[in-house]
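I opened this notebook to record what I looked up in one structure. The entries follow the order in which I consulted it.

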Amino acid sequence: MKSKNDKFSWAARGRSFRYAAKGIAGLFREEHNARIHAVAAIVAVGLGCWLDLSAGEWCAVVLCIGAVIAAEALNSAVEALADRITTDRDPLIGKAKDFAAAAVLITAIAAATVGCIIFIPKLLNLI
């Protein structure tokens, strides 16, 4: 196992990026909700291009997309670890899973709110 005192290695950093890419691919391949979030992100980006968002609006949209997908990845990680520990009903594991799912829901609600603040006025101006 590596320690904090090991020397810096570009090869090790490259491997860590490959592991992260493997995680991203697995997230979208295996997790249904991640695919739903990806579709919502594609819709938001398409709408943003069509409505010509400002740089600040793009920053808000991109941060929201990243936050929701990151929350979904963390939720999936908690679920995978919990299921590895036991598939039996356990109140503390259930609580951890519920809290992780709540984090995704809270983030998604916040992202939807930001989306409404940005997109609704622009869409109403088209009418």
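**Entry 1: Ile118.** I looked up the contacts of Ile118, where contact means heavy atoms within 4.5 Å. Setting aside neighbours within four places in sequence, I found Ile118 in contact with Leu53, Glu57, Ala60 and Val61.

**Entry 2: Basis of the values.** I noted that this is a predicted model, in which local features need pLDDT of at least 70 and side-chain atom pairs count only at pLDDT 80 or more, while totals for chains, interfaces and linings use all residues. Residues are numbered from 1 along each chain as its sequence is written, and side-chain values use heavy atoms, with hydrogens and water left out.

**Entry 3: The core.** I then asked which residues make up the largest nonpolar core. They are Ala44, Leu51, Leu53, Val61, Ile118 and Phe119, six residues in all. H2 and helix H4 (91-125) each supply at least two residues of this core. A nonpolar core is a set of buried Ala, Val, Leu, Ile, Met, Phe, Trp, Tyr and Cys residues joined through side-chain atoms within 4.5 Å. Buried means under 20% relative accessible area, exposed over 50%, and partly exposed in between (1.4 Å probe, protein chains only). Helices are DSSP runs (H or I, at least four residues), numbered from the N terminus.

**Entry 4: H1 and H2.** I looked up how helix H1 (residues 10-30) meets helix H2 (residues 32-51): their axes come within 5 Å and cross at roughly 100°. The axes are lines fitted to C-alpha atoms over the stretch in contact, with angles from 0 to 180 degrees between N-to-C directions. H1 and H2 are therefore roughly perpendicular to each other, a term for angles of 65 to 115 degrees. H1 brings Leu27, Phe28, Arg29 and Glu30 to the contact, and H2 brings His32, Ala34, Arg35 and Ala38.

**Entry 5: Two residues of H3.** Ser76 lies in helix H3 (residues 55-85). I recorded Ser76 as buried, with a relative accessible area of 10%. Not counting residues up to four places away in sequence, Ser76 touches Leu27 and Glu31. Val78 is also found in helix H3, but Val78 is partly exposed, at 30% relative accessible area. Leaving aside neighbours within four places in sequence, Val78 contacts Ala96, Lys97 and Ala100.

**Entry 6: Cysteines.** How many disulfides are there? I counted zero, a disulfide being a pair of cysteine sulfur atoms within 2.5 Å. The sulfur of Cys49 is 14 Å from the closest cysteine sulfur, in Cys59, which is too far for a bond. For Cys64, the nearest cysteine sulfur is that of Cys116, 11 Å away.

Note on methods
Angles under 35 degrees count as roughly parallel, over 145 as roughly antiparallel, 65 to 115 as roughly perpendicular and the rest as oblique.
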